[in-house]
Amino acid sequence: MYISILGRQPALGIAELERLYGDVTWFSDESAIINTPRLDFERLGGSQKAGRIVAELPRGDWTAASRKLVSAYAQAWREREGKITLGISSYGFNANPREVQKTGIILKGRLKEVGVSLRLIPNSDTALSTATSHHNKLGLSDNKVELLVVRNKNGKIIIAESVGAQNITAYAKRDQERPKRDAFVGMLPPKLAQTILNLANPAAGARVLDPFCGTGVVLQEASLQGFKVYGTDLSDKMVDYTTKNLDWLAATHHLTIDSIVEQGDAMNHRWSDAIGAVACEGYLGQPFSAPPSPAKLAEVRKNCNYIMGEFLRNIASQLASGTPLCVAVPAWKAADGSFTHLPLVSQLESLGYTPVPLSTVRSSELLYYRDDQVVARELLVITKN
Ligand SMILES: C[S@@+](CC[C@H](N)C(=O)[O-])C[C@H]1O[C@@H](n2cnc3c(N)ncnc32)[C@H](O)[C@@H]1O
């Protein structure tokens with residue numbers, strides 16, 4: 001059993017976990033329990049950290065959690081060889097960083113008495129940042145440990161040993177060092193591309209299609225996970241960009257990538273190879289720095305709905321029944337925080353698709369946006385009828 005500390009948009013993170021692992025439940029607003037013998041943390045875009053659950057307390061506060069940690073680890077590590085590096089991250093407690101730090105200091109003292117040396121990572125906050133956990137390689141070897149201590153609103157406490165934090169160095173490299181980037185087509189973060197791919201959940205070895213491939217972020221992530229990839233885009237320039245970025249990925253990550261990349265209008269293209277899954281960020285219309293006028297919004301919405309609707313209609317006849325898709329479409333955030341959706345979002349059945357039922361979230365919660373952005377990405381997780 002694992003616990004995930006979910007990312008900035010917890011609904012996306014838990015939906016991704018449910019799609020991949022099935023037996024997933026909310027523990028608190030920011031964490032989820034995953035009932036699986038093995039978690040492949042590196043492939044997750046929507047989890048900040050995850051840990052193997054080692055203990056539970058039915059109820060308690062930080063003092064109870066602290067006592068449990070000190071007694072359990074003073075015992076477990078009393079014969080540990082080599083120096084231990086320890087970070088402690090607490091979530092959902094009414095405790096300050098100093099109290100969290102104090103737990104580590106007490107444990108360090110207890111271990112010193114039996115000759116075991118421990119380096120404690122300082123807590124400037126109640127939980128270590130992803131960057132701190134990652135840079136200290138916590139969770140990646142026996143002697144570099146991060147304890148995730150999570151309390152839910154009923155007072156239940158879970159203690160877990162981290163298996164890693166998001167690899168921000170690798171994400172930054174994949175995002176910023178690739179040869180071709182394009183601010184105009186947008187910058188899909190690799191983390192979100194992973195989540196889109198995982199929500200589609202292609203079968204092992206399948207060919208993943210991105211019919212709006214742009215600079216190829218989704219296909220990069222799919223290639224890293226060992227899928228065959230297929231990219232098409234209306235723009236020849238984007239076909240060139242995806243090709244060059246996949247070549248760069250293959251060279252820098254020592255991968256053999258099975259790829260097809262060609263020009264095509266998603267509204268009428270005939271894809272030449274069998275498609276195992278569709279994972280894409282579709283046409284999002286123009287970016288806005290402030291909510292557009294009602295007339296402008298109506299125009300952009302109509303245009304996006306036409307392109308994305310015609311694409312779904314076109315590809316439906318080319319997909320085998322049961323083919324999974326995760327398609328990001330635009331939704332527009334108003335000043336009051338409400339969203340305007342594409343009309344097709346409520347017409348998926350008539351287009352020949354069935355929404356994938358998820359028990360942890362409603363499909364309307366699958367929205368990715370930043371507070372300063374007007375255009376959100378709404379993730380449609382569907383299968384071909
Ligand atoms: C939001 S961008 C996708 C960016 C992409 N996720 C990436 O990694 O760079 C949308 C892409 O859709 C393409 N596009 C727009 N209309 C299209 C159409 N009818 N058929 C195929 N591609 C289209 C654009 O050229 C653009 O590259």
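I shall discuss a pair of packed helices, the surroundings of one of them, and the nonpolar core. Please bear in mind that this is a predicted model.

Let me start with the helix pair. Two packed helices are described by the angle between their axes and the distance between the axes. For helix α6, residues 190-200, and helix α7, residues 217-224, the angle is about 65° and the axes lie 9 Å apart. Angles of 65 to 115 degrees count as roughly perpendicular, and that makes α6 roughly perpendicular to α7. The crossing of these two helices is right-handed.

Which residues in α6 and α7 meet? From α6 come P190, A193, Q194 and L197, and they meet V217, V218, E221 and A222 of α7. By class, this contact comprises six nonpolar residues, one polar and one charged.

Seven of its eight residues are buried, so α7 is largely enclosed by the rest of the structure. The buried residues are V217, V218, L219, Q220, E221, A222 and S223. Their cover includes the helices α5 (168-176), α6 and α8, together with the strands β9 (207-210), β10 (228-233) and β12 (277-281). Just after α7, G226 adopts a positive phi of about 90°.

Finally, the core. The largest nonpolar core contains 47 residues, and L17, L39, I196, L366 and L379 have the most contacts inside it. Elements that each supply at least two of its residues include α6, α7, α8 (236-253), β13 (324-333) and β17 (375-384). The largest share, seven residues, comes from α1.

Terms used
Residues are numbered from 1 along each chain as its sequence is written. This is a predicted model: local features need pLDDT of at least 70, side-chain atom pairs count only at pLDDT 80 or more; totals for chains, interfaces and linings use all residues. Side-chain values use heavy atoms; hydrogens and water are left out. Axes are lines fitted to C-alpha atoms, for helices over the stretch in contact, and angles run from 0 to 180 degrees between N-to-C directions. Helices (H or I, at least four residues) and strands (E, at least two) are DSSP runs, numbered from the N terminus. Angles under 35 degrees count as roughly parallel, over 145 as roughly antiparallel, 65 to 115 as roughly perpendicular and the rest as oblique. A crossing is left-handed if the near helix is turned anticlockwise from the far one by less than a right angle, and right-handed if clockwise. Contact means heavy atoms within 4.5 Å. Ala, Val, Leu, Ile, Met, Phe, Trp, Tyr, Cys and Pro count as nonpolar, Asp, Glu, Lys and Arg as charged, and the others, Gly among them, as polar. A nonpolar core is a set of buried Ala, Val, Leu, Ile, Met, Phe, Trp, Tyr and Cys residues joined through side-chain atoms within 4.5 Å. Buried means under 20% relative accessible area, exposed over 50%, partly exposed in between (1.4 Å probe, protein chains only).
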